[in-house]
Protein chains: 2
Amino acid sequence: MTYCVGILLDAGMVFGSDSRTNAGVDHISTFSKMKVFEQAGDRCITVMTSGNLSVTQNAINLMELHSRRDDPQGNIWAAESMFDVATLLGRSLREVRERDAAYLSANNIDSSASFILGGQIKGERMRLFQVYTEGNFIEATPETPFFQIGETKYGRPIIDRVVTPATSLMEAAKCVLVSFDSTMRSNISVGLPIDLTWYERDSLRFGLRRRILESDAYFNMIHTRWGEGLRRVFAQLPDPNWDDENATRQYQGEIFK
Amino acid sequence: MTYCVGILLDAGMVFGSDSRTNAGVDHISTFSKMKVFEQAGDRCITVMTSGNLSVTQNAINLMELHSRRDDPQGNIWAAESMFDVATLLGRSLREVRERDAAYLSANNIDSSASFILGGQIKGERMRLFQVYTEGNFIEATPETPFFQIGETKYGRPIIDRVVTPATSLMEAAKCVLVSFDSTMRSNISVGLPIDLTWYERDSLRFGLRRRILESDAYFNMIHTRWGEGLRRVFAQLPDPNWDDENATRQYQGEIFK
C-alpha cells in the first residue's frame, strides 16, 4: 500500500510519501514514491506515485525519456506550464497502460496507478494536480488545497481539521507527519521511511528535502506526543448524563423496535 | 453510506450505528440500522447492518419470520447459543441474495451486505460476530475486541488507541461517539441520528438504548471539545529542528534522485 499527500498553501507547497511496496505480505520492499525535478531558478516539480509499481515507474521513465529526446510531445524541463507537465505525465501513463494493462489483467493483476504532481515553473503560479489512472487530471483549488492518494482515510481527519491555505509550511509539514503516523498505526502496509519536501512560493528551489528514517528523533517524538495528547483529550471529555428523564423516555417507544 | 461499530468488553458490550441511507445524492433517507431483540432475563441481541438496504431488511425479516414460525432452521428466541443466531442470520442473508442478487446485478446494483451481531443468551458468555456478504462469519476475540462495518477507516484510529477489553462501558460509549464524530466529519454520507446501546455483562437486559439526535447537547459538546482538543495537542507539538548538519547531509546524495 501507499500513502502520499500534497498540500498547496499560500506560502508554498508540502509533499510527503511513504516508501513501502508489497506484492503479497512476503514480498515487501522499500521504494521511494517521490521523484523531484529541480532546476534552481527555473522550476521545482514533485511527483508522487501510487498503484502498480511497474506502471508508475515506467510512466515516469517514459516522461523523462520524452524529455531527454526533446520529444515534440512534451518536455518536463522545457514546459512553460505545470498544466503541460500534467498532460505529459497523463500521456506517459496512458502509453504504459496501453502497452501493459492487457497482459496484467490477463493474470488478474491491477494496472491502476495515480499521481500527485505539484510545483512551480518560472512565470507561473504554484500548481497542484492529481492524475488519475485513466490519464485525466484535476487541479487543487483554495477550497480543496490538498490531494491524497493510496491509503487516504486514516490520515485525513487531522488534515481536514488543521490545513487551510493560510497554514504555514512548518505547520503543514507537522500535520503531514501526524497524518502519516495515524495512517501507519492503522495500516502496517504503509511504512517508513517518509520522503518529505517543502517548497517556498516563488523560490524556485526546494526548501527542504528530507528522508525520515525509523531513527528520526523528531518523528518518534511526534508519534509519542500525539498518541499521549489524544488519549489525554479523550480522558478529559466529560461523562454523559444519560439518566435524565428525557433520555429515559427515549429508551421506550418506537425508536427501537 | 453506513458506519456501525460493536465492541466486546470484559464489562459488557457497546453498539453504535448511524442511520443515513442514500441511493444517489438526491435520495437520502433515515433508516435505523440497528435492531434489538430483548427478552429480559433470557437474551439480549443487537444486529447492525451495512450494505444494500433491501437485502439487509429482507434478511432480518426472514430471520424473524423463521423465528415466528418456529422453523426448524432456527429461531432467534429459542436458540441456545449466539453461534446459532449468527448461523441463522447468515442463512437468511444467503436466502435473500439467492432470490435477489441476479436481478440486482443485471442492473449493476450491488447486493452485498454485512452485519455486526452481538449479545448474550442465558447460560452462555457474551459474543460478538461479523457476518459477511457470503453468509460466513467471524467472532471477536480479546485481541480484536471490536468490529466495524461500512465507512470504517476515519473512525478507527481513536478506537485503536483507546479500547481494550478492560475499558469501561462508559469510556467505550464515549469512544464510539468520538469515532462517529470523526467519521461524519470526513464522510457526509454518514449522518445522525446515531443509535447507541450498551449491555452490562450477565444482566440479560439492555442498560442503555438511546437515539442521539442533532439536538443532543452531549454529542454536540463532544464534537466541539474533541475538535478543540485535537487542535490544541497539534499546536503544542514542537517544531522540528531540521537545519542540523545531519539533515543537511540527508538532503543531498542519492536519496532524492
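Start in chain A by selecting A:Lys35, then A:Val47 in strand E6, which is the bridge partner of A:Lys35. The model on screen is predicted.

Now widen the selection to the two strands. E6 of chain A covers residues 43–51, and six bridges join E5(A) to E6(A) in an antiparallel arrangement.

**The sheet**

Together with E5 and E6 they make an open sheet of five strands, in the order E5-E6-E7-E8-E9, with antiparallel pairing. Its edges are E5 (34–39) and E9 (137–139) of chain A, each of which pairs on one side only. On average, neighbouring strands of this sheet are turned by 15° against each other, direction ignored.

**Two helices on the sheet**

Select residues 53–68 of chain A. This is helix H1, which lies across E5, E6 and strand E7 (113–121) of chain A. H1(A) runs at about 155° to E6(A).

Next select residues 82–106 of chain A, which form helix H2. H2(A) packs on the sheet and touches E6, E7, strand E8 (127–131) and E9 of chain A. The direction of H2(A) makes about 155° with that of E7(A).

**Where chain A meets chain B**

Show chain B as well. In this pair, 39 residues of chain A are in contact with 39 residues of chain B. On the chain A side, at least two residues each come from E5, helix H3 (156–162), helix H4 (169–186), strand E12 (206–212), helix H5 (217–235) and helix H6 (245–251). Select H5(A) here: with 10 residues, it gives the largest share of the side of chain A that touches chain B. Colour that side by residue type, and it divides into 20 nonpolar, five polar and 14 charged residues.

Go to helix H4 of chain A. How many of the 18 residues of H4(A) are buried? The count is 14, so H4(A) is largely enclosed by the rest of the structure. For the length of H4(A), 18 residues at 1.5 Å a residue should span 26 Å, and the end C-alpha atoms are 26 Å apart, which agrees.

Within H4(A), pick A:Met184. Is A:Met184 buried or exposed? A:Met184 is buried, because 21 other C-beta atoms lie within 10 Å, and a residue counts as buried at 20 or more. Leaving aside residues up to four places away in sequence, A:Met184 touches A:Val190 and A:Gly191.

Finish by selecting A:Tyr3 together with A:Met184. The two are 181 residues apart along the chain, and their C-alpha atoms are separated by 9.0 Å.

Definitions and conventions. Residues are numbered from 1 along each chain as its sequence is written. Chains are lettered from A and ligands numbered from 1 in the order in which they are written. This is a predicted model: local features need pLDDT of at least 70, side-chain atom pairs count only at pLDDT 80 or more; totals for chains, interfaces and linings use all residues. Two strands pair if DSSP finds at least two bridges between them. Helices (H or I, at least four residues) and strands (E, at least two) are DSSP runs, numbered from the N terminus. Axes are lines fitted to C-alpha atoms, for helices over the stretch in contact, and angles run from 0 to 180 degrees between N-to-C directions. Two residues are in contact if their C-beta atoms, placed from the backbone, lie within 7 Å. Ala, Val, Leu, Ile, Met, Phe, Trp, Tyr, Cys and Pro count as nonpolar, Asp, Glu, Lys and Arg as charged, and the others, Gly among them, as polar. A residue is buried if 20 or more other C-beta atoms lie within 10 Å of its own, exposed if 12 or fewer, and partly exposed in between; C-beta atoms are placed from the backbone. The expected span of a helix is 1.5 Å times one less than its number of residues.
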